[in-house]
Number of protein chains: 4
Amino acid sequence: MQELLRTYPVVFETPVAWGEMDSLQHVNNIVYFRYFESARMAYFDKLDFWTYMAETGVGPILASTQCKFRLPLTYPDNVFVGARISEVGDDRFVMKYIVVSHRHAKIAAEGEGVIVSYDYRELRKTALPEEIKGRIRVLEKNDGS
Amino acid sequence: MQELLRTYPVVFETPVAWGEMDSLQHVNNIVYFRYFESARMAYFDKLDFWTYMAETGVGPILASTQCKFRLPLTYPDNVFVGARISEVGDDRFVMKYIVVSHRHAKIAAEGEGVIVSYDYRELRKTALPEEIKGRIRVLEKNDGS
Amino acid sequence: MQELLRTYPVVFETPVAWGEMDSLQHVNNIVYFRYFESARMAYFDKLDFWTYMAETGVGPILASTQCKFRLPLTYPDNVFVGARISEVGDDRFVMKYIVVSHRHAKIAAEGEGVIVSYDYRELRKTALPEEIKGRIRVLEKNDGS
Amino acid sequence: MQELLRTYPVVFETPVAWGEMDSLQHVNNIVYFRYFESARMAYFDKLDFWTYMAETGVGPILASTQCKFRLPLTYPDNVFVGARISEVGDDRFVMKYIVVSHRHAKIAAEGEGVIVSYDYRELRKTALPEEIKGRIRVLEKNDGS
């Protein structure tokens, strides 16, 4: 399990809630996107992106996201959700996610999201600040090496 | 069904989402509180409470809530959620809710909430404004008579 | 709006719930996947896929899904969620979704899902039954022509 | 915090998810009922109630629930949710809940639920089995003494 998550600089852990299983008796598909979101927020915390946004008006916005379901999750279990940034562009970056079931010690889902740099004062896309790019490099480099 | 909802000045309608059933194959208990909330918001809209809050800083805050489950809800169905204010105090009011299943033409749940008048600028409870009390009287009087 | 939804044989309508907005004051990203799911279930209802599954053990399973966010949704609003099947393979099909905001008369999001034919008795992928393929053809042909 | 939870034989811990805050920037009210449910399920696990139900058809059903909100919860935080059974009747018991914020080391909410003994084969209320009553006594006695 450590091995599965090795390349992810941020890992968020949460118990599977019984009430998030649906009538097919598996964790409902939308919950995986909540897992992704929680890992994304943990990543943004490490970038101190919200402080940066409060000071400059420039912050992240989710443009698209996707998930491949590998293994149904069931209660009781704990999941580890890894997040890493795989590509950095001029005004966006791609974040990869992995959801690992503790009980099965297997990947339950993989996904990604495209996050765009957004000027919340001007209400439009903007260049990804160099400072944030630098922080991403540091975070991604420190991992697994 | 009309009869069941007759004394409720505000009625919110929504389809039952398949994904809100849990692994016991009934709508999960927390969803009833989402139904209550949606009816409460529809009621606040009719009071124009948010505009009042934007102007004065005084708005509603939910202090407590409860629900009695009468009948399990299942997909597919539509629910009608009635809201009425049954008691108005100096700094609070009590809102009653009813959830009616269209499919069964029966009450699926009943509940209530205590809503306190809150000064969001001073961060403390405050007297319920006379203007809001007046609007409540109008809304409750117009109903069912 | 009619025009936007014209090519979708199934359209699911639901109010935007106030409580589904997150702290950025927009409908939270995971809710779009609930919208997709509700449209998908409405589509499966039209295929009578669950009855087929109860009789044969063969039913649908969601293998992957994605969403592109075009426009933030806010309360109050109503959304229309269109679903259509764009590709049918040997053991799977692709469903396309569109979320249209009533208030803005614009597309709020677009998405798709890959649904695999699954034998719930044998617990493995299986060929998509000819009968289901036929029902899909009928449903897709009847639309917009 | 230990002290606040001392009389609760079951304590469930979970991180506060960013996405569960609503547009008032606090954890949405319905999430507290998810916390209660997760603690309730952890309690039922300790009673081995689901195994009992699989063998006999007799299991728990939630008849009513309520919550008093004491303190708004915000991300990031961890909550500890205590559950204890305060009263046991012929065909029901009362479960008390407490939600403690790790960040504030304070009670964020208190609640309770009435759980009825239900025969899922006969589809009607039934006496609470003596065996389950005994297990509750053991669990409640072992605590805090």
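Predicted model: local features only at pLDDT ≥ 70, side-chain atom pairs only at ≥ 80, totals over all residues.
Local features need pLDDT of at least 70 and side-chain atom pairs count only at pLDDT 80 or more, while totals for chains, interfaces and linings use all residues. Residues are numbered from 1 along each chain as its sequence is written, and chains are lettered from A in the order in which they are written.

Visitor: Which element gives the most to the side of chain A that touches chain C?
Guide: Residues are in contact if their C-beta atoms, placed from the backbone, lie within 7 Å. The contact takes 13 residues from chain A and 13 residues from chain C. Helix H2 (29-47) and strand E2 (58-69) of chain A each supply at least two residues of that side of chain A; helices (H or I, at least four residues) and strands (E, at least two) are DSSP runs, numbered from the N terminus. With eight residues, the most is given by E2(A).

Visitor: In which sense do E2(A) and strand E2 of chain C pair?
Guide: Strands pair if DSSP finds at least two bridges between them. A:Gln66 stands opposite C:Gln66 in E2(C). Over five bridges, the sense of E2(A) and E2(C) is antiparallel.

Visitor: How are H2(A) and H2(C) directed relative to each other?
Guide: Their axes, lines fitted to C-alpha atoms over the stretch in contact, come within 9 Å and cross at roughly 165 degrees. Angles run from 0 to 180 degrees between N-to-C directions, and those under 35 degrees count as roughly parallel, over 145 as roughly antiparallel, 65 to 115 as roughly perpendicular and the rest as oblique. H2(A) and H2(C) are therefore roughly antiparallel.

Methods
Contact = placed C-beta atoms within 7 Å.
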